[in-house]
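User: I would like a close look at one part of this model. Please keep it brisk.

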Amino acid sequence: YKTGESYGGILESGTKNLGFIDQYITTMKSDGTLDQLNKEYLVPVFKGDRVPQWKISAGLVLYDLLAAGGNVRRHRTLGKRELLLAEPLIREPGLTGGALYFDAQCDDARLVVATVRAATAHGARVANYMRVTGLIPTIAGIHGAYLQDELTGETGEVRARMVVNAAGPWADSIRRMEDPRAAPLLRPTKGVHLVVPRVRIGNRNAVIFTSPVDGRVMFVLPWGDWSYIGTTDTDSASGPDDVTVDESDLVYLLRSANALFPSARLTHADIIASWAGLRPLLAADPSAPASTISREHRTVKGPGGLYTIAGGKLTTWRSMAAELLDQLVKALGHHRHSRGRALSETEPFPGGETGVLDGFRAPGLEMGLSEPTVDHLLAHFGAETPAIYKLCRKRPELTQPLHPEHPSIGAEVVFAAEREFAMTPGDILERRLHLTTETRDHGAAAVPRVTALLSAR
């Protein structure tokens with residue numbers, strides 16, 4: 001999800017000018033941005049469920065076939081007793097069994113940063129905090145954009161042979177800069193998540209279940225000391241800059257989680273944080289339920305030559321990008337181009353050069369970092385963790401925690417500012433380290449130190 005900061009920038013690579021895909025994305029690659037591979041997901045089945053056990057089993061067989069040769073293990077069918085052994089606090093009345101399957105978990109915000117960093121390593125020029133205020137029309141079509149720096153107010157323009165609109169939920173507003181009469185491509189739906197202390201629910205695993213409120217599929221996910229409950233899927237009249245969490249969203253998520261874990265008895269007082277975003281889904285039959293809208297994508301070319309890619313989902317971003325780039329290469333006149341393997345299929349992101357990180361643990365512990373902090377660094381930075389250690393050796397004060405409830409340390413702020421395009425305390429607190437959703441005060445205790453470290457650069 002995207003909640004309204006830097007968007008619409010232009011990414012320039014060599015002689016090809018491409019739109020900057022500014023939305024959260026995920027991958028199944030072992031590239032250092034995955035929180036954990038082969039995470040266990042439980043799917044409980046209750047008597048009378050909309051999706052019976054046999055359909056779930058059939059679906060997971062297909063899932064296993066599609067994942068063959070990948071990095072996930074095969075699923076298992078569970079009886080009632082096995083499922084309760086795996087998740088003892090789940091509702092027992094009506095439970096008939098379930099299944100266990102394996103998937104990957106991803107820090108989506110950090111994956112965006114990793115993607116942009118990988119692009120810059122190959123010559124991309126990235127403009128952060130740039131708002132597109134208009135498109136530049138020429139006799140030959142759209143060949144650039146007018147920009148405004150959201151931090152300084154400075155304005156300017158960038159020109160290009162081709163311009164791509166890959167602005168997620170803002171795609172239609174960009175298209176209307178080219179053609180004010182353009183029919184909407186999108187039917188955005190709102191997704192809301194909330195965070196509660198994991199001890200309040202007591203879930204051991206990620207649990208995928210159908211809400212008794214409306215039969216929608218949703219989840220309870222473990223994330224360190226917290227549990228994420230989500231997600232809603234409803235039509236929204238708000239724009240992506242204005243979407244908010246409503247009382248009805250919170251009630252829905254709490255009711256659904258309490259029905260699955262009756263001993264939790266969650267209330268509003270248990271909510272540590274919540275957030276909302278818009279899914280940039282393709283417009284469909286307006287009478288269809290929001291949760292049934294297709295996650296397919298489309299590429300369209302406007303009357304002035306603006307390319308727009310819309311729709312899609314987190315797990316298809318690589319194939320979407322490769323498909324779009326093939327179209328652009330041909331449009332630029334490179335007729336001999338034949339699609340080969342995308343570079344991102346074989347080249348790891350920064351920090352993902354190795355999947356074996358055990359050798360990086362001891363140096364951190366030897367310099368006095370706590371075990372939770374070392375684990376946190378390895379999960380967030382992968383093979384780049386030694387760069388954090390180097391900062392700590394050079395400036396020992398950077399080994400101090402940023403927040404009493406969080407394992408992050410000062411060196412991460414410096415690293416984020418120097419290598420990860422962080423420019424404001426909000427970048428650090430919300431998008432790089434997630435202190436806003438992983439501490440009870442939403443990171444307030446860390447603000448003075450984060451601000452000081454950024455200002456000292």
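Is F421 buried, partly exposed or exposed? Please describe the surroundings along the chain as well.

Analyst: This is a predicted model. F421 counts as partly exposed, because its relative accessibility is 28% and that class lies between 20% and 50%.

Start with the backbone. Most residues other than glycine have a negative phi. F421 has a positive phi of about 65°, and it is not a glycine. The residue sits in the loop between helix 11 and helix 12 (425-432).

Now follow the chain past helix 12. The loop between helix 12 and helix 13 (435-438) holds H434. H434 also has a positive phi, near 60°, and is not a glycine either. Its cover is another matter: H434 is buried, with a relative accessible area of 9%, because buried means under 20%.

Two packed helices are described by the angle between their axes and the distance between the axes. Helix 11 (residues 410-419) packs with helix 14 (residues 447-455) at an angle of about 45°, and the axes are 10 Å apart. That angle makes helix 11 oblique to helix 14. The crossing of helix 11 past helix 14 is right-handed.

One more backbone feature lies elsewhere in the chain. Most peptide bonds are trans. The bond joining G230 and T231 is cis, with omega about -5°. T231 belongs to the loop between strand 14 (226-230) and strand 15 (234-235).

Methods: Residues are numbered from 1 along each chain as its sequence is written. This is a predicted model: local features need pLDDT of at least 70, side-chain atom pairs count only at pLDDT 80 or more; totals for chains, interfaces and linings use all residues. Side-chain values use heavy atoms; hydrogens and water are left out. Axes are lines fitted to C-alpha atoms, for helices over the stretch in contact, and angles run from 0 to 180 degrees between N-to-C directions. Helices (H or I, at least four residues) and strands (E, at least two) are DSSP runs, numbered from the N terminus. Angles under 35 degrees count as roughly parallel, over 145 as roughly antiparallel, 65 to 115 as roughly perpendicular and the rest as oblique. A crossing is left-handed if the near helix is turned anticlockwise from the far one by less than a right angle, and right-handed if clockwise. Buried means under 20% relative accessible area, exposed over 50%, partly exposed in between (1.4 Å probe, protein chains only).
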